[in-house]
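Student: Could we zoom in on one part of this model and go through it slowly?

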Amino acid sequence: MSSKILSALNSDITELTRLTQNALQGGNGGELYLADAWSFAISMSLGIVTAPDISFGAGGALRRINDATADMLTFASLDPAYLKTAAKNMQGISQGTAPSVKIATAGTMGQGYYTDQDILGGVKIYEFQPKAEALMREIDAYARKDSRVTNVGISLSVSSKDILIVRADGKHVVDKRPMSSLNVSVTLEDNGKKENGGKGMACPVSVDTLFNKATWQKFVDHAINHAHNNLTAIDAPSGDDFDLIVANGWGGVIMHEAFGHGLEADFHQKGIAAFQGMLGQRIASKGVTIIDDGTIQNARGSLNVDDEGNPTNRNILVDDGILVGLMTSEISAAKLGMPVTGNARRQGYAYQPIPRMTNTFIDNGNASVEDLIAGVKKGILVTEFGGGQVDITSGTFEFNTTQARLIQNGKLGAYIKGASLCGQGKTAFQHITGVANDLEISVTGSCGKDGQSLAVTVGQPTIAVGAGAITVGGTA
Amino acid sequence: MSNKLDICKKAVALALKLGASDASSSLGVTNAMGVSVFEGKSDGVEGNIDCGISFTAHVGQKVASGSTENLTDDSVESLVRTIVEAAKQAPEDPFACVADKSLIQPVSADMIKYLDLVDSTEHTADEMLQMACEMEAAARSIAGVASIRSADVSSSQYEHYLVISNGFEGHYKTSSRSAVIQAMAELNGEKVINYDYDSARHWSDIRPMASIGIKSGEKAAAMLNQVSMGHKGVLPVVLDPKISVKLLLGTLQSCLHGGNIVAKGSFINKDDLGTKLFGDNINLLDNRTKVRGLGSSPYAGSGIIGPESVNLVKNGNVENFLLGLRNAKQLGLSPKLGRPSLYNPYFEGGTLSPDDLIDNIKLGLYVTNVMGHGFKAITGDISYTVAGFVIRDGVITGEYVKEASLAGNLKDMLNETTFANDLKFNDSANAATARIEGVSIVG
């Protein structure tokens, strides 16, 4: 797996280990991180297939941990000269104080949370290209059976990244990270009104999965249905006196924003997190258990090994409403005296690894969805979301609905236009009044932090949040 | 490594030899350095060497593109062969094209000199650490500031090369310098964070470190006096200039994008060209050649140089879309403006001072922060979570509303917007303080 990286650098593990250890002398940890990636992307809009894109990215980074801070030198291209220059320059960066904390690691890496086979099944990109084109034409034709469809946008991409991490402590790990993505969006026009809808997947699976007819037909049907429903939408109401029922799957984005980021340990390391010092305290209603699990088979956020070379884990963050864990990197773990959880991730070799989520979800409860809806007098059922955001320090979070409908006296009513929903992480989840048993984990999702975008998933069963916790911002 | 312009020329020549009818090659190299400090000490020094070549091959109406980060002869040759082969296998795209020869012209050396995008002053990592420490200390000197999230100073140099088979050749260099700090203030367990920054092409245009630090601390401390308006309904809102950019300029820009117009994904349609959609006072302009401008460039990626300044919206009329070559051909319009995206866009300022703009507002909200992704280009609907200060009897009070919902429609809002006379060109995109009459606010 790492043979291509080693041959590009005209080196071997022994030599790279020696170089890394020499370059990182004086620090108390760190690594040489090397990556070699390729990607293929093709898309279709207005019935025309647009230029395929084939890209190659390779490079590396030397990172020296100096007592809970890190110096890093990165270089594009797996060029032995660049690596040698970085190693030399690292010694020229003056260090502050001598190391006082001990950097811990977390044992051996897990294996096999996704395929280690060639993502195209051994087929060359040239040979795959016409197959991808044929698939997109089939999807386009299927979507256009609905006469209201004025545009179909389809994008398909596959990528694969080999990484080799040579650590200052002498260990090394390799990983091969695949990703197959298909997204369908439609624009509907009816009675002079326009709406769009979309659905897709991006998972570390063989590209064959994208060709499953039942799968892509479901994406198209879902996208059309989404746009159709929004064509009927009335102005969203506003106020903080609505009970909310948040549907399973993508609904987990609320938890991701309200809690997830607040439980990333780097914020705690600097004393700026809303949940600072709250370990062991109740931060959510009884019955709410939140888990970050980087080991789910074929899930988009899963990793065999994190970007510091530590194994990923199933980490319980909130247990029956009580905050019990944080997501750490080696630096934040050392600084806080907590275990290394395998959550250090980087967008690419040119970025610092920092604590990040993987697949984060609320675990199943035992209520039924029907009962949760039936229990609402005045409320809103939110089934789909756009992006979300959180102010990590104040705990204010917000996200936008892209599909939602009114609930009155336990009955579902009209669809409403997109509304922003906002609340406070510290209090909102103490208003959870019911957790259903229909846990679903998303098959798409990207999360941004400090300018780094990563593949993650969110998940939850359907949940009920009592009035007063979340403000609905509509125009009506 | 060969001369970088030669790498591009060789790549284009090889593609033509392999059967491409057209080709274009774009190469970029960035050398960057950044430092962070925390509690007066280094929180990390970072150096990045980033490079890459993007390549597009046309075989008649068939096109493929790709890129590699490895600029060795072997790697670039292998990329060119792969992309030409992929183009031959690609389906025909009736809208594929390179810029017509009549639209391109040589890049003027005088223009590059005039733009003044390269700073010859360099600072070492140690000097930058010292600057960041000064910024941090200033932030921490403000009453109420308890900690900082980050204090970063960074600098980079960038070189760009572009060669197209239609005869275009261009290259230029830029430098970027920036300082940014996030200060945290705390009162009775309530924590708030705010930031200040400056970025420029030249170190000499960056504000003093202490001033950036102080501003971040003051902004954070001002958020400690929190109130709830308990309001639900329509209110006049006044947008801080940075918020004007995000809420009005950023959103409008995406609706004028050719790709969105073609795909019918914007509330603005092709037929709206030349139509008055917004208030008389709405003028959206774009200046490609602002001296030392963060968004300035001597040419567009298509090789088209285009006019220095363009009106996208004039007196409320939609005058131009943002068009790359392909979108222009799809819409039957000319790509001659050379603006697939904007360089240094701005809304023209108004005549009233910000104080006069606010003067007759009995109750309103002065918005200083916007969260979220609540804009839908296809309908123009806006729904964001915002924060800011209560305006009462014509004065911005110190009462901070940390969470309110703002909802409306961009088209309606741009018919009820008045800009003040405080337009400054600090960033690549700029706007003045703006007042919008009727916006739905809960908070």
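Student: Which residues in α1(B) meet which residues in α2(B)?

Tutor: Quick housekeeping: residues count from 1 along each chain as its sequence is written, while chains are lettered from A and ligands numbered from 1 in the order in which they are written. This is a predicted model, where local features need pLDDT of at least 70 and side-chain atom pairs count only at pLDDT 80 or more, though totals for chains, interfaces and linings use all residues.

Now your helices. From α1(B), Ile7(B), Ala11(B), Leu14(B) and Ala15(B) meet Val76(B), Glu77(B), Val80(B) and Val84(B) of α2(B). Contact here is C-beta atoms, placed from the backbone, within 7 Å. By class, that's seven nonpolar, no polar and one charged residues (Ala, Val, Leu, Ile, Met, Phe, Trp, Tyr, Cys and Pro are nonpolar; Asp, Glu, Lys and Arg charged; the others, Gly among them, polar).

α1 spans residues 4-17 of chain B and α2 residues 73-89; helices are DSSP runs of H or I with at least four residues, strands runs of E with at least two, numbered from the N terminus. The two helices pack at about 35°, axes 10 Å apart. Those axes are lines fitted to C-alpha atoms over the stretch in contact, with angles from 0 to 180 degrees between N-to-C directions. The crossing is right-handed, that is, the near helix is turned clockwise from the far one by less than a right angle.

As for chain B's neighbour, 66 residues of chain A are in contact with 63 of chain B. Strand β3 (residues 69-76) of chain A pairs in the parallel sense with strand β2 (residues 41-59) of chain B over four bridges, where pairing takes at least two DSSP bridges. Within that pairing, Thr74(A) has Asn48(B) as its bridge partner.

Notes
Two residues are in contact if their C-beta atoms, placed from the backbone, lie within 7 Å.
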